[in-house]
Amino acid sequence: MFEVIIGLEVHVQLNTKTKIFCNCATSFADRQNVHTCPVCLGLPGALPVLNKEAVKKAMMFGNAVDATVHRKSVFNRKNYFYPDLPKGYQISQFEIPIVEGGHLMIDFDDGTQKRIGITRAHLEEDAGKNIHEGSHSLVDLNRAGTPLLEIVSEPDMRSADEAVRYLKKLHAIVRYLDISDANMQEGSFRCDVNVSIRPKGDDNLYTRVEIKNMNSFRFIHQAIGYEVERQIEAWEDGVYEDEVWQETRLFDTVKGETRSMRGKEESADYRYFPEPDLLPVLLTDEMLEAAKQIPEMPDAKRARYVKDFGIREYDATVITSEVEMARFFETMIEEGASPKNAVTWLTVELQGRLKGGVTLENSPVTAKQLAAVVKRIEDGTISGKAGKEVLDYLIEHAGADVDETIEKLGLKQVSDDSAILTLIDEVLAANPDKVEEYKGGKEKLFGFFVGQVMKASKGSANPAKVNQLLKERLKS
C-alpha cells in the first residue's frame, strides 16, 4: 500500500488594469504585441515601477487565509531563458515573500473538513505566450508583465480528490475577494502539480515529479491519477529509481497520460539575486489595516446561511462554493423567496437547465425572475409543476415577465372556494358508490377524489385548497 503526497503551486493573474511593473494594459486578448513597452520588453535602460494595486490584492489574499502579511518584502531576479520571457529573467519574490504561512479548509461531502497549509504567496510577473503553428512558433508578449500571485501549498493532500477540492476552495476565495477573474480556460488560474508516493507508514519524502501548467479541474484529477499509477508501477516493478526522477512533465489530454518535458530545476539553478532596480516593499500601518477589510469568505458565509436561514450544511456548502451562486441566492432572499425553496429552485431546477457553456453569470433567467417564480408558487398562484413550465419558458425567452408568462401559458391556479367546491360536488355526485365506501372506512379513496378534482380542473385547482375543501365536504 502506498501513500500519495501532493503539493500545488497555483498561479493567479491579478485583475489590475495595468501590468505589475509598467503602465501597459493587461488586456492581452487584443491583437498580438500591442500592449508592450520598453519595460515589459526588457529593453536596456528601462526601469520597473511596482504596481501598488497588485500589492493590495496580495495582502487581501494573505488576510483571507490567516497568513502573515510581511511588512517588508523584496523582489529578486529569477534567471532562465525562455522565448516568451524577453529579459531572460523573471522578477519574482524569493527570500521574503509578501505572504507567508496560512491555511484553508477543504470540504468533504459528509460535512467533514481538512486543513491544508499554505507555505507562501508571492508576487511576480507573468511571461508571454508561445503560439505554435506547424513547423514554427510565434511569441505574443501582451501577457508579459501581468501581475501574478503564486500560491504554494504544503504537501498536505493525499489524493486527486483532495487536490481538486483544495483548488476549488482556493478558486472560490480568489473570486470572493475579486482579486482575479480566475478564468481557467484563459489561464488566469492555473497550477503546477507536484506528486510523489511512499509506502504507507514511511515518513520519508521520495522523488517529486511536477506536472506543469494545468488549467482544468477534470484534467488535474486525471493527471494525478495517471502519475500516481505510473510511480506505483515503477516501484512495484523495482525500476523506481530508473523511471521516476525529479522532472517536469506535461499532461496529454488526448492520451490521458503525462510525458517528460525537461529535468526539474532547483532554486540554485535559477541563480536568484536581489532585483537591483526595485527597492524593498515597505507596507504602512494604513495599508496593513486597509487590507484586513475583506468580503465575507465562503466558510463564514456558509455558517451564516445555516444559522440565519436554517438550510442544510450541504446546501450551504454548494451555494457558497461559487461567489456568483451565493450572490444569486442572496438576491432571491432579498426579493422575498423563502430560503428552502430558493435553494431547490437555484441548485436543482435552474442549474439543471443551464447547459452548453451557459452559467449563472450569463443565465437568461435572473435572480429576481427566479425569486418571482418561487414566490408565485409559495402564494398559491401556480403549482410547483407549473413553476417548472414557467422556468422553461423563461430560459427560452430571456427578459420575459413572470406574471405575464403565467397568464400567457394559462397556468394560474384556481383558489376560489366556490369554483373548487363546484368541481368537488360534481366529482362526488359522479361517484356515489366510492363516497359510501370512503365513509365506510376506506380512507385511501381520498387520493382518488383529489385526483378526479384536479383532472376536472385540468390541473389548475390549488391542491392545498382541494384537500381542505374535499375533507370538509366528505365529513358533511
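In this predicted model, Asn33 is partly exposed, with a relative accessible area of 34%, a value that falls between the 20% under which a residue counts as buried and the 50% over which a residue counts as exposed. Asn33 lies in the loop that runs between strand E1 (2-13) and helix H1 (52-64), and its phi is near 65°, which is a positive value in a residue other than glycine. Most residues other than glycine have a negative phi. A positive phi, near 50°, is also found for Asn213, again a residue other than glycine. Asn213 belongs to strand E13 (residues 209-214) and is partly exposed, with a relative accessible area of 47%.

With regard to the chain as a whole, 16 helices and 17 strands are present. The radius of gyration is 30 Å, well over the 23 Å that the globule rule gives for 476 residues, and the chain is therefore more spread out than a compact globule. Along the principal axes, the C-alpha atoms fill a box of roughly 95 × 55 × 50 Å.

Among the contacts in the chain with a separation of 6 or more, 67% are made by residues 24 or more positions apart. Of the 476 residues, 46% are buried, while the accessible surface of the chain amounts to about 23,600 Å², with 50% of this area belonging to carbon and sulfur atoms. The side chains include 61 that are positive and 77 that are negative, and the centres of these two sets are found 3 Å apart.

Notes:
Residues numbered from 1 in each chain as written. Predicted model: local features only at pLDDT ≥ 70, side-chain atom pairs only at ≥ 80, totals over all residues. Heavy atoms only, no water. Helix = DSSP H or I, 4+ residues; strand = E, 2+ residues; numbered from the N terminus. Rg over C-alpha atoms; globule rule 2.2 N^0.38 Å. Buried < 20%, exposed > 50% of the residue type's maximum accessible area, 1.4 Å probe, protein only. Contact = heavy atoms within 4.5 Å. Areas by Shrake-Rupley, 256 points an atom, 1.4 Å probe, with all protein chains shown as cover. Lys, Arg positive; Asp, Glu negative; His and termini not counted. Charge placed at Lys NZ, Arg CZ, Asp CG, Glu CD.
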